[in-house]
Amino acid sequence: MSNKRFIKTATELDAMRESGRMLASCLRFIISTVEVGMTPKDVSAAVGQELKMLGGEPAFKGFEGFPDIICISTNDQVQHAIPNAVPFELGDIVNFDFGVRYKGMITDAGTTIAIGGEPTSKRDAELLMATKLARDTGIDLVKNGCRVGDVSAAIEGVLKKHNLGIVKELVGHGVGFELHEEPEIPNYGQAGTGPTFKTGMTIAIEPIATTGSGDIYVERDGWTLRTWDKSRCAQFEHTLLVLDDGYEILTEL
């Protein structure tokens, strides 16, 4: 692939930093306010107002026809769930995946929490801990010259160590001018293979793991993904900037 198109200018990066700051603020807002009895629709409405106050625009709204501003996926819902009116219950494992556009530049991030504050089972706690660890382990390898396969293999190693299923259909990706840019960044792979990261690229790294097999299907709404075996799922995602000898996280919570 040609990397030139995906290198951001200083002005574009300034806009992405502000976009990322807004996105992180919105996710912190969700974490601090969501509770038992609230619904995904409640969260969507509240975070929409929060983002408007901050001065950003929701990047997901209308993307390929998506009807809401945020994806809120609960328990065996894997990703892309449209906010509904089903109240959260104590111990639900819920992923909030959000995107923000500011001055034309997009950041993408997500976090998964247990409703009520703490997971109600050791396996749920391991799912959250290991998926977040996989993200951070992959991120720590990012720098100019690193290959996609290096990050992918590191993520896979953490998830396999904790006997978690990998949702292979869903991958990390470049982000910035568009919500999804090259390169794709799978959560499994072989070190030393794949495209090379270059200074000035902006990428989203997002392990998506389940307590079961990792096999998924699409619901009738055409968006919501679920695990076939009803196992629970988690996703943790950051947008980051590739630097000469490391990275800058643009969506740091």
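Visitor: Let's begin with a residue. Which strand holds Thr-74?
Guide: Thr-74 sits in strand β2, residues 70-74. Keep in mind that this is a predicted model.

Visitor: Is Thr-74 buried or exposed?
Guide: Buried. Its relative accessible area is 15%, and the cut-off for buried is under 20%, so Thr-74 qualifies.

Visitor: What is Thr-74 in contact with, leaving aside neighbours within four places in sequence?
Guide: Phe-88, Asp-92, Ile-93 and Val-94.

Visitor: Zoom out. How many helices and strands in the protein?
Guide: Four helices and 15 strands.

Visitor: And the overall dimensions? What does the C-alpha trace span?
Guide: About 45 × 40 × 30 Å along the principal axes. The radius of gyration is 17 Å. A compact globule of 253 residues would have one near 18 Å, so the protein agrees with that.

Visitor: What share of the residues is buried?
Guide: Buried residues make up 53% of the 253.

Visitor: How about contacts between residues at least 6 apart in sequence: what share joins residues at least 24 apart?
Guide: That share is 71%.

Visitor: On to sheets. What is the strand order in the open sheet of five?
Guide: β8-β7-β9-β14-β15, with antiparallel pairing. The edge strands are β8 (181-185) and β15 (246-249), and each pairs on one side only. Neighbouring strands are turned by 30° against each other on average, direction ignored.

Visitor: Walk me through the pairings. How many bridges join β7 to β9?
Guide: Two, and the strands run antiparallel; β7 covers residues 172-174. His-173 has Ala-204 as its bridge partner in β9. Over in β8, His-173 stands opposite Glu-184. β7 and β8 pair over three bridges, in the antiparallel sense.

Visitor: And how many bridges join β9 to β14?
Guide: Four, again in an antiparallel run, with β14 at residues 238-243. Ile-203 has Leu-240 as its bridge partner in β14.

Visitor: Which way do the β9 residues point?
Guide: Thr-202 and Ala-204 point one way, Ile-203 and Ile-205 the other. All four are buried. In a regular strand, side chains alternate between the two faces of the sheet.

Visitor: Which strands does helix α1 lie across?
Guide: β9, β14 and β15. Helix α1 covers residues 10-33 and runs at about 150° to β14.

Visitor: Now α1 and α2. At what angle do their axes cross?
Guide: Roughly 145°, and the axes come within 10 Å. Helix α2 is residues 40-54. The crossing is right-handed.

Visitor: Which residues meet there?
Guide: From α1: Met-22, Ser-25, Cys-26, Phe-29 and Ile-30. From α2: Val-43, Ala-46, Val-47, Glu-50, Leu-51 and Leu-54. By class, the contact has nine nonpolar residues, one polar and one charged.

Visitor: Last topic, the open sheet of three strands. What is its order?
Guide: β3-β12-β11, with antiparallel pairing. Its edge strands are β3 (77-79) and β11 (216-218), each pairing on one side only.

Visitor: How many bridges between β11 and β12?
Guide: Three, in the antiparallel sense, with β12 at residues 225-227. Tyr-217 stands opposite Arg-226 in β12.

Note on methods:
Residues are numbered from 1 along each chain as its sequence is written. This is a predicted model: local features need pLDDT of at least 70, side-chain atom pairs count only at pLDDT 80 or more; totals for chains, interfaces and linings use all residues. Side-chain values use heavy atoms; hydrogens and water are left out. Buried means under 20% relative accessible area, exposed over 50%, partly exposed in between (1.4 Å probe, protein chains only). Two strands pair if DSSP finds at least two bridges between them. Axes are lines fitted to C-alpha atoms, for helices over the stretch in contact, and angles run from 0 to 180 degrees between N-to-C directions. Contact means heavy atoms within 4.5 Å. A crossing is left-handed if the near helix is turned anticlockwise from the far one by less than a right angle, and right-handed if clockwise. Ala, Val, Leu, Ile, Met, Phe, Trp, Tyr, Cys and Pro count as nonpolar, Asp, Glu, Lys and Arg as charged, and the others, Gly among them, as polar. The radius of gyration is taken over C-alpha atoms; the globule rule is 2.2 Å times the number of residues to the power 0.38.
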